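Dear colleague,

Please find the structure below, handed over for your own work. My findings follow directly after it, grouped by topic.

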Amino acid sequence: MKSKHKFIPLIIIVSIYNLLVYGLYYFESNFENTNIRNLADSYWYSLVTLTTVGYGDFYPITFWGRLIGILFVIGSLGFLGYLITELSVKISEYLKKREMGFFGTKMKNHCIIIGWNSFSKRVAEQIVKANEPLAIVIDRETDLKEIRQLYTDNQCFVLQTNLKDYEAIEKVNIIDSRRVYISFESDTDTLVYTISLKKRFENINCVVAIENVELKSSFNYLGVQFIIPKKEIVSKFIASYIFEPNVALLTEDLISTSAEKSNLDICETQLSESSEHVNTNFIDTFIKLKKDLGITLVAISRNGELIKNPENNFKLIKGDILVYIANGENKQYLT
């Protein structure tokens, strides 16, 4: 019903326009020495006048014709103003939609952060520092402005939308993402949202950080891959700094993204079918990586199971994930 109402003003305007054009033709065509002799001439004069081009090849000479001409001249001001206004509005709407991520992204194997707070801000900082593809989904304009000030379009893609609008969330290509980190201030909100998200996108790999350890089993039931108890991690770090400060310093360096080439990172790389390390023993790969690249292989992840310090004759296969220690420079050589 509303769409029909939108056409009523347009129908009225078109009707008045055609009536004036016909009136101009009627009054001018029957007058001697006129240069508007048919409807085509009348339409041409009206269009040239309304668009403010004004070639001057046609012009009315009768009183009523000139009166209609005056109406076209006045109408041209409104017509031009309308075009400029509509164009400005359309450009403004396009830029706003683009800023809000309305047109989506085609990135794949990327990280996604849903929700924005002080904790997720630190997580995003580490991901961006590692030059990993990142998409952030938020629902507040203030968060959008903050993220735009922190990062460029090349560093991360931002989508502002209702977090419960799962069709809109598909615009961050969530199906092809590597990990989805869900971050809310309340563990309950995180749990409820994870339930809804996993119901819609069953195969996504989720990561959550929680305060209440008792909720860990609930997240496990949902198939959440990684559940990080914030208090446990913090308490372990503090204890390590108390009685093993050097171990704590090394651990902090390993889990932080390298800002300098000399800094150490603990990284992971999945073996492809063409990798030279497929079908080799762990010890042989360990020695080769250490000797050629200065990389220390520490663990293998296979089918979701982390195998720490495998046996020397442990055979590497396609799809294994190598977990290794490297500095900011040599980690790029192992792909």
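C206 is buried, with a relative accessibility of 0%. The model is a predicted one, and its count of disulfides comes to zero. C206 accordingly takes part in no disulfide, and the nearest cysteine sulfur, which belongs to C111, lies 13 Å away.

Salt bridges

The count of salt bridges comes to nine. The following are among them.

In one of these, D143 pairs with R140, and the closest N and O atoms are 2.8 Å apart. D143 lies in helix 5, which spans residues 141-150. The two partners may be set side by side: D143 is buried, with a relative accessible area of 7%, whereas R140 is partly exposed at 43%. D143 counts as buried because its value of 7% falls under the limit of 20%. Apart from its neighbours within four places in sequence, D143 is in contact with W116 and I138.

R148 and D153 form another salt bridge, with 2.5 Å between the closest N and O atoms. Here R148 is partly exposed, at a relative accessible area of 24%, and D153 is partly exposed as well, at 48%.

Which parts of the chain does the pair of R302 and D320 link? The side chains of these two residues meet in a salt bridge of 2.7 Å, N to O. The pair links distant parts of the chain: R302 belongs to strand 8 (residues 296-302), while D320 sits in the loop between strand 9 (305-308) and strand 10 (321-327), and the two residues are 18 residues apart. D320 is buried, with a relative accessibility of 1%.

Finally under this heading, E276, K288 and D292 are joined in a network of salt bridges.

Helix 2 and helix 3

The axes of helix 2 (residues 39-50) and helix 3 (residues 63-99) come within 8 Å of each other and cross at roughly 40 degrees. Helix 2 is therefore oblique to helix 3, because an angle has to be under 35 degrees to count as roughly parallel. On the side of helix 2, the contact is made by Y45, S46, T49 and L50; on the side of helix 3, by G69, F72, V73, G75, S76 and F79. Of the residues in this contact, five are nonpolar, five are polar and none is charged.

Backbone angles

Most residues other than glycine have a negative phi. N173, although not a glycine, has a positive phi of about 55 degrees. N173 is located in the loop between helix 6 (166-169) and strand 4 (179-182). Is N173 buried or exposed? At 16% relative accessibility, N173 counts as buried.

N279 has a positive phi too, near 70 degrees. This residue occupies the loop between strand 7 (264-270) and helix 11 (282-293). N279 counts as exposed, with a relative accessibility of 54%.

With kind regards

Technical notes. Residues numbered from 1 in each chain as written. Predicted model: local features only at pLDDT ≥ 70, side-chain atom pairs only at ≥ 80, totals over all residues. Heavy atoms only, no water. Salt bridge = Lys/Arg side-chain N within 4 Å of Asp/Glu carboxyl O. Buried < 20%, exposed > 50% of the residue type's maximum accessible area, 1.4 Å probe, protein only. Helix = DSSP H or I, 4+ residues; strand = E, 2+ residues; numbered from the N terminus. Disulfide = S-S within 2.5 Å. Axes fitted to C-alpha atoms, helices over the stretch in contact; angles between N-to-C directions. Parallel < 35°, antiparallel > 145°, perpendicular 65-115°, else oblique. Contact = heavy atoms within 4.5 Å. Nonpolar A, V, L, I, M, F, W, Y, C, P; charged D, E, K, R; others polar.
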